[in-house]
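Visitor: Hi, I've just opened this one and I'm new to it. Could you walk me through it?

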Amino acid sequence: MDELLNIFIDPLKIAGKSIILVITYTILFLILEAFVPQFKKWGDTLFIVVLVLTLGQTVMEAFSLMGDIVNIASDFFLSITPILMSIIVVLNAVFSFIAWSPIVVAIFDFLIVLCQKVLIPGIVIAMLLDFCTRFIGEMSFSKASDLIRGTVMTLITASLLLMVAFLSFAGVAFFTVDKAIASPVKKVIEQTIPIVGSLIVEGFSIFQKYQSAATTFAGFSAMTAFWIAAFYPAGKLLIHAMTFKILAAIVEPFSGGTISGFLDDIGKSLLVLCATAILLGIAFVFMWLILMIILQLGVGKNF
Amino acid sequence: MTILIYAVILLLILLLIKETVPKLHSLVAIIFFFIILHFLISKSVLPLIGQILSYVNSVPYVPQLVYSALFYQLGIFFKMLFDEQEHETMGEFVMFSVRIVLLTYWVSEFAKVLSSFSSILDKLQ
């Protein structure tokens, strides 16, 4: 139980620690500027360097977490594809009922490749461009990094829409839950969390559709545990991203636009990374649902 | 506060020397510069730095930052000393070496992060 709690508390601890660190550095740089005014030019640059040195760990961790997830997911999909395909061939009658066509599997595989080869390197490049923009000063790459982030976000939204559209065309969404209960919560989430809020809400509504179907098979607690496992990385990344947004807000009054803009840009990039994690989580849950339904039908359980 | 009084006394002595032995004036001025600098650093600057560092000893890179600023300020003092003796080029040399020392230290620190960042890029391939 302790370890389970730590999983959720650790990102918050890192968030608190980074906020305290940045406040300390801000005060320190204000003191240094008061005593050595000529040091200001160096101080501004060194502030960025120190921020990269101390908070870089968090960003690195976020990216290595994302790399691990992608690797695990691609192994998972690779190992599961032959089983799924053979079961689809064997249990033809079942599949005419559920209408999971093999194309769904292909789409998920495509998603993994997209994340690994395009989305994550794209975000890394966007962050490097941001860093160059803030560090060099005279040269601005902000348009380029915004373009990359926008493109990545568009790709994520487009593939999510494609997935949802395909699943509803195939007639998988045969269970629906009353939407009126959850809509106020969804509105709040959509408006408070920038960029990825609507994506999270979209993810929720997808699972709302399948919740009753899934709980029929696996029971509520198992489903909850599974969702937490699938969306824990996304949640962790979201906390990291919001931390950087908060840091940008704290630092802004004391140090020029450069540093807070830099922190804000990192926050934006991490939010896009979080969107990628959500996409992977959704794909993961869907694959697992397919496998679960197939296994249950295979042992002869009825609805 | 004592530094202020010392400075005034030394200024008076300097003026006296300038009137009586003008040839020795600049030599004595340099000696006094080092005496005051020594008092300033050992009596007030170092205690202040120690106090600041004792508050934030768990925060990384604070000592490096504080000593960088101190080093830069010392460089400026030496540059002004050279400027007073009308050796502007030498003064620029001092500042140049200060900049190089600061850059060498911070670039070597920064290189660690860059190498770990590139290792993450390798991992994704």
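Guide: One term to start with: angles between axes under 35 degrees count as roughly parallel, over 145 as roughly antiparallel, 65 to 115 as roughly perpendicular, and the rest as oblique. This is a predicted model, where local features need pLDDT of at least 70 and side-chain atom pairs count only at pLDDT 80 or more, while totals for chains, interfaces and linings use all residues. Residues are numbered from 1 along each chain as its sequence is written, with chains lettered from A and ligands numbered from 1 in the order in which they are written.

Visitor: OK, chain B first. How many helices and strands does chain B have?

Guide: Chain B has four helices and zero strands, following the pattern α-α-α-α along the sequence. Here helices (H or I, at least four residues) and strands (E, at least two) are DSSP runs, numbered from the N terminus.

Visitor: Is chain B compact or spread out?

Guide: Chain B is more spread out than a compact globule, because its radius of gyration is 21 Å, well over the 14 Å that the globule rule gives for 125 residues. That radius is taken over C-alpha atoms, and the rule is 2.2 Å times the number of residues to the power 0.38. Along the principal axes, the C-alpha atoms of chain B fill a box of roughly 80 × 35 × 10 Å.

Visitor: What share of chain B counts as buried?

Guide: Of its 125 residues, 8% count as buried. A residue is buried if 20 or more other C-beta atoms (placed from the backbone) lie within 10 Å of its own, exposed if 12 or fewer, and partly exposed in between.

Visitor: And chain A, what's in there?

Guide: Chain A has nine helices and zero strands. Buried residues make up 34% of its 303 residues. Residues 24 or more positions apart account for 78% of the contacts in chain A with a separation of 6 or more; in chain B that share is 41%. By contact I mean two residues whose C-beta atoms, placed from the backbone, lie within 7 Å.

Visitor: Where the two chains touch, how many residues come from each?

Guide: That contact takes 21 residues from chain B and 23 residues from chain A. On the chain B side, helix H3 (62-84) and helix H4 (88-124) each supply at least two residues. H4(B) gives the largest share of that side, 10 residues. By class, the chain B side has 16 nonpolar, three polar and two charged residues. Ala, Val, Leu, Ile, Met, Phe, Trp, Tyr, Cys and Pro count as nonpolar, Asp, Glu, Lys and Arg as charged, and the others, Gly among them, as polar.

Visitor: Back inside chain B. At what angle do H2(B) and H3(B) pack?

Guide: Helix H2(B), residues 25-55, packs against H3(B) at about 165 degrees, with their axes 12 Å apart. The two helices are therefore roughly antiparallel to each other. The axes are lines fitted to C-alpha atoms, for helices over the stretch in contact, and angles run from 0 to 180 degrees between N-to-C directions.

Visitor: Which residues make that contact?

Guide: From H2(B) they include Phe33(B), Leu37(B) and Ile49(B), and from H3(B) they include Val66(B), Leu70(B) and Phe77(B). The residues of this contact divide into 13 nonpolar, no polar and no charged.

Visitor: What about H1(B) and H2(B), what's their crossing angle?

Guide: Helix H1(B), residues 2-20, and H2(B) cross at roughly 175 degrees, and their axes come within 10 Å. So H1(B) and H2(B) are roughly antiparallel to each other too. Among the residues that meet are Tyr6(B), Leu10(B) and Lys18(B) in H1(B), and Phe32(B), Leu40(B) and Lys43(B) in H2(B). This contact divides into 12 nonpolar, two polar and two charged residues.

Visitor: Switching to loops. Which loop holds Tyr61(B)?

Guide: Tyr61(B) is in the loop between H2 and H3 of chain B. Most residues other than glycine have a negative phi. Tyr61(B), not a glycine, has a positive phi of about 70 degrees. With 19 C-beta neighbours inside 10 Å, Tyr61(B) counts as partly exposed.

Visitor: And Glu86(B), buried or exposed?

Guide: Glu86(B) is exposed, with 9 other C-beta atoms within 10 Å. Glu86(B) lies in the loop between H3 and H4 of chain B and has a positive phi of about 60 degrees although it is not a glycine.

Visitor: Last one: what does Val56(B) touch?

Guide: Not counting residues up to four places away in sequence, Val56(B) touches Thr24(A) and Val62(B). Val56(B) is in the loop between H2 and H3 of chain B. C-alpha to C-alpha, Val56(B) is 39 Å from Glu88(B), and the two are 32 residues apart in sequence.
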